[in-house]
Number of protein chains: 2
Amino acid sequence: MADVYTASAVLLEGLVFRGHTSTGHDLVLDSSDGGGRGPTPMSLVVLALAGCTGMDVISILRKMREDVTGYEVQVRGERAREHPRIYTHVTVEHIVRGRELKEANVARAVELSATRYCPVSAIIGASGTVTHTYRIIEDSGVAATGADGG
Amino acid sequence: MADVYTASAVLLEGLVFRGHTSTGHDLVLDSSDGGGRGPTPMSLVVLALAGCTGMDVISILRKMREDVTGYEVQVRGERAREHPRIYTHVTVEHIVRGRELKEANVARAVELSATRYCPVSAIIGASGTVTHTYRIIEDSGVAATGADGG
């Protein structure tokens, strides 16, 4: 993993910026007060958290040989009313679908990401609270059987 | 500006997630070790910083009636070698192009964003150092003249 990341943002018009990351991706950013031509910077922060912890947790569950059939991370961030309007309270819910998943393994994977591996969680957690929860959904396999027979 | 932002990330395959923000934008995220189908979460964090402080600074300079003809923000983030690999040292360079810009105003706009307005800078600054610098480029107007005559 890179030790240095760079990014640039070039003003296009209004508050619209064309962003570019050192991973080689372009992305338009915009203010929520503007035309909404792209995500706002603060919405990217909670999205980054969702992706960061999600990549950790699915990697760990695969190493644990858990049979995950679906996975979604939902993040909700409350902002301070005073400037600078940081995230004061952030909740992260991990929704893991799979076959005969061991709850202890899901709990452990989430805990490892929250406390040890996920840098975005650690960064936000330095000035606010970040709470991770999980929900396990047993995959009955009905949909898969239906697809097989279709 | 919203008091709450939400985001979700749904696993597609490998470490590729389809992200969605409450501002209504979709974005694919990927690991740097993967196929690079989208920006990595940590690259989004420095991009968010570039956009966040950029929107502040250009807004302030416009209120100051400075004649800005071009503006770019470049961010460089160094990560810790140990988990969680947070940003330990981040530099932000504001490159402002314009006509007869007052340096004191540019300095003040950057300072206000860095110390008061930009939440992403404050969030990253809670666990690492964030240094903002600026560079002013006088816009000679030659290009504009050339375009007029073209």
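**Questions on the model**

Modeller: To begin, B:Arg18 lies in strand E2 of chain B, where strands (E, at least two residues) and helices (H or I, at least four) are DSSP runs numbered from the N terminus. This is a predicted model in which local features need pLDDT of at least 70 and side-chain atom pairs count only at pLDDT 80 or more, while totals for chains, interfaces and linings use all residues. Residues are numbered from 1 along each chain as its sequence is written, chains are lettered from A and ligands numbered from 1 in the order in which they are written, and side-chain values use heavy atoms, with hydrogens and water left out.

Colleague: How far apart in space are B:Arg18 and B:Ser8, C-alpha to C-alpha?

Modeller: B:Arg18 is in contact (heavy atoms within 4.5 Å) with B:Ser8, B:Ala9, B:Val10, B:Leu12 and B:Leu27, leaving aside neighbours within four places in sequence. B:Arg18 and B:Ser8 are ten residues apart in sequence, and their C-alpha separation is 8.1 Å.

Colleague: Is A:His94 buried or exposed?

Modeller: A:His94 belongs to strand E5 (residues 87-99) of chain A. Beyond four places in sequence, its contacts include A:Thr53, A:Val57, A:Tyr71 and A:His132. Buried means under 20% relative accessible area, exposed over 50%, and partly exposed in between (1.4 Å probe, protein chains only). Because the relative accessible area of A:His94 is 0%, this residue is buried.

Colleague: How many residues of H1(A) are buried?

Modeller: Helix H1 (residues 41-63) of chain A reaches 33 Å from its first C-alpha to its last, close to the expected 33 Å; the expected span is 1.5 Å times one less than the number of residues. Just after this helix, A:Arg65 takes a positive phi of about 60°. H1(A) is mostly covered, and of its 23 residues the number buried is 20.

Colleague: Which element gives the most to the side of chain B that touches chain A?

Modeller: The contact takes 71 residues from chain B and 71 residues from chain A. The two chains bury about 6200 Å² between them, 68% of it on carbon and sulfur atoms; buried area is the accessible area (1.4 Å probe) that two parts lose on being put together, summed over both. Across this interface the rule finds four salt bridges, a salt bridge being a side-chain nitrogen of Lys or Arg within 4 Å of a carboxyl oxygen of Asp or Glu. On the chain B side, the element that gives the most, with 16 residues, is H1(B).

Colleague: Which residues are linked with A:Asp3 in a network of salt bridges?

Modeller: Side chains of opposite charge can pair when their charged atoms come close. The side chains of A:Asp3 and B:Arg81 meet in a salt bridge at 3.4 Å, N to O. The network that holds A:Asp3 links it with B:Arg81 and B:Arg85.

Colleague: How many residues apart in sequence are the parts that B:Arg99 and B:Asp67 tie together?

Modeller: The side chains of B:Arg99 and B:Asp67 form a salt bridge (3.3 Å, N to O). B:Arg99 lies in strand E5 (residues 87-99) and B:Asp67 in strand E4 of chain B, so the pair ties together parts whose separation in sequence is 32 residues.

Colleague: How many residues apart are A:Glu111 and A:Arg108?

Modeller: Their side chains meet in a salt bridge (3.1 Å, N to O). A:Glu111 is partly exposed, with a relative accessible area of 41%, and A:Arg108 is partly exposed at 39%. Both lie in helix H2 (residues 103-117) of chain A, about one turn of the helix apart, a spacing of three residues.
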